[in-house]
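Trainee: I have not looked at this structure before. May I put some questions about it to you?

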Amino acid sequence: MGEIKETSEKLEKAVFKEPFSYSKLFISTFIISAFTVGGGFVLIPLMKAKYVDEYGWMQENESLDLVSIAQSAPGAVAVNAAIIMGYRLGGILGTFTALLATVLPPLITLTVVSYFYDVFSTNPYVRMFLKGMQCGVTAILLDVVLNLMVKQVKKKLALPLLIMAGTFIAAYFLKINIMEIILVDAIIGFFLMRDPQYN
Amino acid sequence: MEILLQLFISFATVGLFCVGGGYASMPLIQAEVIEKYGWLSMNEFVDIFTISQMTPGPIGINAATFVGSKVAGIPGSVAATAGFVFPSVVIVLLLAYLYYKYGNVGSIRGILNGLRPAVVALIARAGVDILLLAFWNKEKLPVDIMQTDKIAVLIFVLTWFALKKKLGTIKLLASSGVAGLLFYMLTGIQP
């Protein structure tokens, strides 16, 4: 009981910079989804930038926990992240708000694209605009990554750094299946990282 | 009606067994859509992959929409997409419930503490991938420094500075798109 209470107290510490509303959740998620080219790990930092840094709707640690859960469930990571962040922010209604906002842009885009694929793929102006956006996304993504890394390094603990470096090497250079890596990291955490200093 | 149900079930299967996200869903989609039902040709399948590199959204959603719309129009794209997200909704909500109920129990805390730095590493990996794609139009190392897209680097640097000025995310993305259109048009370089 004590632990559950502690969790809810911890969660309430999030300082809202903007009041929560379903329409705000829908609009911000819709725009992020509509303008983000690239997989789930491109979309997630943008969601974090919006919900955590800009709106203050949840805390950073909590958002990373939710992303871990989203990553460990089957399906697209971006969709899973929307489901769980929506749930955290607005319950079941929040889930469907965020889910619809995430799915609608690609649904609309791809339906249109499937009819006009030839025109679309050869239009130079469309490609120029998308290329520019791709560079913008790269800058935002790297900024988020650097901030998160600096925070891990500042903790001055060996295990998180080893996991971070090991996961990167295993995924990028050794091309080991991500689910297998996640499983190993989870086992390490389960046995060695229960101490509150790792929270 | 039957075809819609088939689309839903087919993509629910893909969604359920697609673990590891992104590219992990491709072989599953291939098995269901090309080999089992013959809804797409291999060429069209490769096209979806290309489109997914340039359009928003996870590749699974994009494939579901594209296939559904080809097979049964707009109702088809809705059925296939709904099928793809259905397993996610059920499983993720269950996990979310468990997290908020037992999230602070030692063992679950330990697992999440172990996964947190891992997520940072996976985002970093995506960062490297997208950087290569943006600057060199390549997905993997090695790259040729002489072939660097200078306009891409310029837009990257401009966005980086704008970011430090605390400009909102959406505004940043929209203006980097406009910058791309302007710079490539003015210089006549092809992206």
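Trainee: Is Thr97(A) buried or exposed?

Mentor: This is a predicted model, and the answers below are read from it. Thr97(A) is part of helix H5 (residues 77-115) of chain A. Its relative accessibility is 12%, and the limit for a buried residue is under 20%. Thr97(A) therefore counts as buried.

Trainee: Which residues is Thr97(A) in contact with, leaving aside its neighbours within four places in sequence?

Mentor: Thr97(A) and Ala82(A) are 15 residues apart in sequence and 8.8 Å apart in space, C-alpha to C-alpha. Contact requires heavy atoms within 4.5 Å. With neighbours within four places in sequence set aside, the residues in contact with Thr97(A) are Tyr22(A), Leu25(A) and Phe26(A).

Trainee: What is the area buried between chain A and chain B?

Mentor: The contact involves 99 residues of chain A and 93 residues of chain B. Leu110(A), Met128(A) and Tyr172(A) supply 8% of the area that chain A buries against chain B, more than any other three residues. Carbon and sulfur atoms give 75% of the area buried between the two chains, which is about 9000 Å².

Trainee: How many salt bridges are there between chain A and chain B?

Mentor: One joins Asp65(A) to Arg116(B), with the closest N and O atoms 3.0 Å apart. Another joins Lys164(B) and Asp143(A), at 2.8 Å from N to O. Lys164(B) lies in helix H6 of chain B and Asp143(A) in helix H7 of chain A, so this pair joins two chains. The count between chain A and chain B is 2 salt bridges.

Trainee: Which helix of chain A gives the most to the side that touches chain B?

Mentor: Between chain A and chain B, 10 residue pairs are in polar contact, both residues being at pLDDT 80 or more. The helix that gives the most to the side of chain A touching chain B supplies 23 residues, and it is helix H7 (residues 124-154) of chain A.

Trainee: By class, how many nonpolar residues does the side of chain A that touches chain B have?

Mentor: That side of chain A has 15 charged residues and 20 polar ones. The nonpolar residues there number 64.

Trainee: Is Ser88(B) buried or exposed?

Mentor: Ser88(B) lies in helix H4 (residues 59-102) of chain B. Not counting residues up to four places away in sequence, Ser88(B) touches Pro74(A), Gly75(A), Ala76(A), Val79(A), Asn80(A), Ile83(A) and Leu93(B). Because its relative accessibility is 1%, Ser88(B) counts as buried.

Trainee: Which residues are linked with Glu60(A) in a network of salt bridges?

Mentor: The side chains of Lys151(A) and Glu60(A) meet in a salt bridge of 3.1 Å, N to O. This pair links distant parts of the chain, with Lys151(A) in helix H7 of chain A and Glu60(A) in helix H4 (residues 60-72) of chain A, 91 residues apart. Lys151(A) is partly exposed at 44% relative accessible area, whereas Glu60(A) is buried at 18%. In the network, Glu60(A) is linked with Lys48(A), Asp53(A) and Lys151(A).

Trainee: Which residue forms a salt bridge with Lys24(A)?

Mentor: Lys24(A) has a relative accessible area of 24%, so it is partly exposed. The closest N and O atoms of the pair are 2.9 Å apart, and the partner is Glu18(A).

Trainee: Where is Lys156(A) found?

Mentor: Lys156(A) has a positive phi of about 55° although it is not a glycine. With a relative accessible area of 75%, Lys156(A) is exposed. Lys156(A) lies in the loop between H7 and helix H8 (158-173) of chain A.

Trainee: Is Lys175(A) buried or exposed?

Mentor: Lys175(A) is in the loop between H8 and helix H9 (178-192) of chain A. Its phi is positive, near 55°, in a residue other than glycine. Since the relative accessible area of Lys175(A) is 55%, this residue is exposed.

Trainee: Which helix of chain B has the lowest mean pLDDT?

Mentor: Chain B averages a pLDDT of 84, and 92% of the residues score at least 70. Among the elements of chain B, helix H6 (residues 150-164) has the highest mean, 92. Where pLDDT is low, the predicted coordinates should not be read in detail. The lowest mean among the elements of chain B is 69, in helix H3 (residues 42-54).

Technical notes:
Residues numbered from 1 in each chain as written. Chains lettered and ligands numbered in written order. Heavy atoms only, no water. Buried area = accessible area lost by both parts, 1.4 Å probe. Salt bridge = Lys/Arg side-chain N within 4 Å of Asp/Glu carboxyl O. Polar contact = N/O pair within 3.5 Å; in protein donor to acceptor, adjacent residues only side chain to side chain. Helix = DSSP H or I, 4+ residues; strand = E, 2+ residues; numbered from the N terminus. Nonpolar A, V, L, I, M, F, W, Y, C, P; charged D, E, K, R; others polar. Buried < 20%, exposed > 50% of the residue type's maximum accessible area, 1.4 Å probe, protein only. pLDDT = per-residue confidence, 0-100.
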